[in-house]
Amino acid sequence: MRLVAHRLGKTYRQADGPVVRGIDLEVPDGAFLALMGRSGSGKSTLLGMLAGTVRPTAGTVSYDGADLWALSDSRRSRLRATRTATVFQDYNLLEELSAAENIRLGAKLARRPLTREEADAALERVGLAGLGSKRPDELSGGQRQRVAIARALALNPDIIVADEPTSALDVSVRAQVLNLLQDLKAALGLGLVFISHDINTVRHVSDRIAVMYLGRILETGPTEEIFARPRQDYTRTLLGAVPSLLGA
């Protein structure tokens with residue numbers, strides 16, 4: 001699925017100015033795009049607008065040419081349910097439900113009910129075969145995030161949207177989840193748009209990077225090109241520490 005944002009902006013009433021301003025961004029079919037930048041640069045707001053959960057005050061978001069925010073609420077919900085899925089930083093699993101039940105609930109809310117067998121198959125795909133009856137408090141952090149990924153995959157999305165999907169995990173478990181995402185990309189052709197402050201995560205998973213600063217895209221390009229620069233240069237760029245590039 002080709003995801004395109006054009007002149008995208010967002011202003012909140014309580015804010016002094018736009019939180020996101022004039023964003024033009026394209027996510028090609030099957031690409032892994034990392035959003036990076038300082039805290040408060042507008043990454044989460046942009047991610048929400050791309051996912052269809054935060055309404056922009058300017059501009060458009062289109063999925064394969066269909067303007068997401070020009071649709072009625074019901075049509076937009078159906079489009080999101082059939083094309084995208086979300087993975088949250090804190091897993092967003094219900095503690096009283098088993099892993100399989102969490103997956104089935106997510107599918108039910110998206111109006112795509114699953115059988116227990118289908119939920120178990122989603123768990124097997126992320127390396128959690130036989131753990132469908134376990135509750136979240138019986139699983140490790142890495143396993144809980146795998147359940148969250150399985151819940152997303154069960155919807156057969158074209159693209160997954162994720163806010164810091166590995167930030168709560170320790171280094172070794174983070175590597176396992178990243179390897180899983182790479183394997184799924186190769187096997188399923190999934191796209192991924194994710195926020196991360198971890199340069200190593202971005203370097204090993206993303207195809208493209210978009211760096212945000214003060215609500216704008218500071219720079220965007222292929223990951224390999226940005227990391228081909230001297231370490232000091234790419235570190236400053238990825239952390240959004242070069243406001244002069246905006247002409248400010």
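The model is predicted.

**Entry 1**

**Entry 2**

I went through the pairs one by one. Strand 6 and strand 7 run parallel and share 4 bridges. Here T84 has I159 in strand 7 as its bridge partner. Strand 7 is joined to strand 8 by 5 bridges, also in the parallel sense. In this pair I found V161 opposite V193 of strand 8. Strand 8 (residues 191-195) pairs in parallel with strand 3 (residues 32-37) over 4 bridges. F32 faces L192 of strand 8 there.

I then checked cover. How many residues of strand 7 are buried? The count is 4 of 5, so I noted strand 7 as mostly covered.

**Entry 1: helices beside the sheet**

Next I looked at helix 3 (residues 99-109). Its axis and that of helix 5 come within 9 Å and cross at roughly 35°. The crossing is right-handed. Which residues meet there? From helix 3 I listed A99, N102, I103 and G106. From helix 5 I listed V147, A150 and R151.

**Entry 2: the cores**

The largest nonpolar core has 51 residues. I wrote down the members that touch the most other members: I103, L123, V147, I149, L192, I209 and L238. Two of these names were already in my notes on the helix crossing, I103 in helix 3 and V147 in helix 5.

Leaving out residues up to four places away in sequence, L192 touches A31, F32, L33, I159, I160, A162, L181 and V205. F32 is also the residue that stands opposite L192.

There is a second, separate core of 29 residues. Among its members are V27, L47, L50 and L71.

**Entry 3: S196**

S196 lies in the loop between strand 8 and helix 7 (199-205). Is S196 buried or exposed? Its relative accessible area is 2%, so it is buried, the cut-off being under 20%. A polar atom of its side chain lies 3.0 Å from the backbone nitrogen of D198. Beyond its neighbours within four places in sequence, S196 is in contact with L35, M36, E164, T201 and V202.

I turned to an open sheet of 4 strands, in the order 2-1-4-5 and with antiparallel pairing. Strand 2 (20-27) and strand 5 (66-67) are at the edges. Each has a single partner strand, so one side of each has no neighbour in the sheet.

Strand 1 (residues 3-10) and strand 4 (residues 58-63) run antiparallel and are joined by 5 bridges. In this pair, A5 stands opposite V61 of strand 4.

**Entry 4: helix 1**

What lies across this sheet? I found helix 1 (residues 43-51) lying across strand 1, strand 2 and strand 4. It runs at about 130° to strand 1. I counted burial next: 8 of the 9 residues of helix 1 are buried, so the rest of the structure largely encloses this helix. The buried ones are K43, T45, L46, L47, G48, M49, L50 and A51. L47 and L50 also belong to the second core. After helix 1 comes G52, with a positive phi near 85°.

**Entry 5: V19**

My last stop was V19, in the loop between strand 1 and strand 2. How many residues separate V19 and L214 in sequence? They are 195 residues apart, yet their C-alpha atoms are 7.3 Å apart in space. I also listed the contacts of V19, not counting residues up to four places away: K10, T11, Y12, S41, G42, T45 and G215. One of these, T45, is a buried residue of helix 1.

How values were computed: Residues numbered from 1 in each chain as written. Predicted model: local features only at pLDDT ≥ 70, side-chain atom pairs only at ≥ 80, totals over all residues. Heavy atoms only, no water. Pairing = 2+ DSSP bridges. Buried < 20%, exposed > 50% of the residue type's maximum accessible area, 1.4 Å probe, protein only. Polar contact = N/O pair within 3.5 Å; in protein donor to acceptor, adjacent residues only side chain to side chain. Contact = heavy atoms within 4.5 Å. Axes fitted to C-alpha atoms, helices over the stretch in contact; angles between N-to-C directions. Core = buried A, V, L, I, M, F, W, Y, C linked by side-chain atoms within 4.5 Å. Left-handed = near helix turned anticlockwise from the far one by under 90°.
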